[in-house]
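I wanted to go through this model chain by chain and write down what I looked up.

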Amino acid sequence: MTWHWWHVLLSWGVVLTAFAVLAAVVRGRLRAAARRLAVLEKR
Amino acid sequence: MSSTTAPRGMARLHLLANPGRFLRVSGLLLPWLTGAGLLCLALGMVWGLWLSPPDWQQGETVRIMYVHVPMAWLAMGGYLALVVLSVISLVWRHPLADVAARELSPIGAMVTALCLATGSLWGRPMWGTWWVWDARLTSVLVLFFLWVGHAALTRAFDDPDRGARMGAILALIGAVNLPIVKFSVDWWNTLHQPASVTRLDAPGIHVDILYPLLVNALAFSLCFVALALAATRAGLQERRLRALQMAAARRAEREGG
Amino acid sequence: MTRKRRRLYILLLCGIGLGTATALTLTAFQDNLVFFRSPSDILAEAPPPGRDFRLGGLVEAGSVQRSTGPDGRPHVTFRVTDGQHSIPVQFSGVLPDLFREGQGVVTLGRLGPGNVFLAREVLARHDENYMPPEVADALRRAGHWDPARGDPPPASGWNRLDPRRSGG
């Protein structure tokens, strides 16, 4: 595999990883907020 | 969604009505957006990395375009959305616009950083350099700083309304950079090549390379919108949570005293 | 209602002011914003001797001569043209992969004796046209395009060509 291909795969890898990480962070925030809201509203 | 009656002391009740509708509609929309985005992304990945032909002069390296160009479009299109939200925020003082703008800027900063990173990875094998200070690259770097600055400024104040207003002003001042990014390649000599897809005559891209580019652009746009909607939902719920906590604290204080 | 309208007008006014100021500034600094200058620019207004600047244009067809310098490094001379004028360039070192006759290049260096441009760095500048190799070959065989002589023909003529048929 040529170094040009490495640059291609690295580009795709960086982009997909960044989107996946951000999606996981937002998902975590949504879940934490929903959990704490449920606790508060029960009281 | 809002089953409990709003606690006393929470002003601007009428403004919660619209965020409530936003939460309902976005909650219905989000799974479809995410599903469509992931489906397009899978198609775009197979098409872009495997099925599409190499370029006659750039060879396989042209496949970086399928991620670089969507990131560039999203960095600029997202900033346009931020400008619209800022106008709504400053003129109509709509709190939903404040929350959406605040949640949009980290995502915008991310796609702009990805645009710069993939551009660098593309520039090294093709131009022979990771970075040059030409008008296009420099103005995109400025765009990145604007995104980061907006994200930091909206979070820098104890009073979120004040942060939102400062952020909106920064976003509107930074809007002058948008035409500079877009037209820098036409106005000045740059190392970066001019636009291919949005030319006045036919796009300078063969359909075998153009179609996977458009599929990937659609895929990343759907993912971007889904991320922004989900983040705005999270922001709204955290805001509601804070309001409820403050109301509970006030109630406890009153009962105790 | 009037307060909102007033805020909108103030915003519009600020926008017009800011836009005008930016446009004026950019026009004033036009010369510093260009990344490179063309051979015609250089010949019309020579930069001060001994000052580094960037020269950009196309590598003139038939002008590339490669040799090995006394230090064993690859040495190349070529001419950079913008269609009207051209300037000879000397460069020792590794050229980017895309370097060929008819390719856009941006070189950094200074003018030496005899108005020869002594380049320290050569960057390739690819154009905004993308096509599969088979389509490029078909255009070349049909005589529609010689890549050594510059840009391909208008894109509407080739961007829907079937590479499988034209490749045969």
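**Ground rules**

I am working with a predicted model, where local features need pLDDT of at least 70, side-chain atom pairs count only at pLDDT 80 or more, and totals for chains, interfaces and linings use all residues. Residues are numbered from 1 along each chain as its sequence is written, while chains are lettered from A and ligands numbered from 1 in the order in which they are written.

**Confidence in chain B**

I checked pLDDT, the predictor's confidence in each residue from 0 to 100. Chain B has a mean of 90, and 93% of its residues reach 70 or more. Residues 1-16 of chain B are below 50, and this stretch has 14 contacts in the model beyond near neighbours in sequence. I note for myself that where pLDDT is low, the predicted coordinates should not be read in detail.

**Who touches whom**

I count two residues as in contact if their C-beta atoms, placed from the backbone, lie within 7 Å. Which chains share the most contacts? Of the 2 pairs of chains in contact, it is B and C. Chains A and C have no contact between them, and their closest C-alpha atoms are 11 Å apart.

I took helices (H or I, at least four residues) and strands (E, at least two) as DSSP runs, numbered from the N terminus. On that basis chain A has 1 helix and 0 strands. Its C-alpha trace spans about 60 × 10 × 5 Å along the principal axes. For burial I used C-beta atoms placed from the backbone: a residue is buried with 20 or more others within 10 Å of its own, exposed with 12 or fewer, and partly exposed in between. Of the 43 residues in chain A, 19% are buried.

The contact between these two chains takes 22 residues from chain A and 31 residues from chain B. On the chain B side, α2 (65-92), α3 (95-126) and α7 (207-256) each supply at least two residues. α7(B) gives the most, with 13 residues. I sorted that side by class, with Ala, Val, Leu, Ile, Met, Phe, Trp, Tyr, Cys and Pro as nonpolar, Asp, Glu, Lys and Arg as charged, and the others, Gly among them, as polar.

**Chain B against chain C**

Here 38 residues of chain B meet 36 residues of chain C. α2, α3 and α7 of chain B each supply at least two residues to the side that touches chain C. The largest share is 4 residues, from α2(B). By class, this side of chain B has 24 nonpolar, 10 polar and 4 charged residues.

**The largest core**

A nonpolar core is a set of buried Ala, Val, Leu, Ile, Met, Phe, Trp, Tyr and Cys residues joined through C-beta atoms within 7 Å. The largest one has 102 residues, and M71(B), A75(B), V111(B), C223(B) and L227(B) touch the most other members. α7(B) supplies the largest share of this core, 17 residues. I then looked up V111(B): leaving aside neighbours within four places in sequence, its contacts are M71(B), L74(B), A75(B), G78(B) and F224(B).

**Chain C: domains and strands**

An automatic or database domain assignment sets the bounds, dividing chain C into domain 1 (2-32) and domain 2 (35-125). Their centres, taken over C-alpha atoms, are 41 Å apart.

I call two strands paired if DSSP finds at least two bridges between them. β1 (residues 53-59) and β5 (residues 104-111) of chain C run antiparallel with 6 bridges, and G56(C) stands opposite V106(C) in β5(C). β5(C) is also antiparallel to β6 (residues 117-125), with 8 bridges. Their hairpin has 5 residues between the strands, and G114(C) in the turn has a positive phi of about 75°.

β3 (residues 74-81) and β4 (residues 86-92) of chain C pair antiparallel over 7 bridges. In their hairpin, with 4 residues between the strands, G83(C) has a positive phi near 100°.

**L123(C)**

Is L123(C) buried or exposed? L123(C) counts as buried because 24 other C-beta atoms lie within 10 Å. L123(C) sits in strand β6 of chain C. Leaving aside neighbours within four places in sequence, its contacts include W127(B), G128(B), T129(B) and L191(B), along with P96(C), V105(C) and V106(C).
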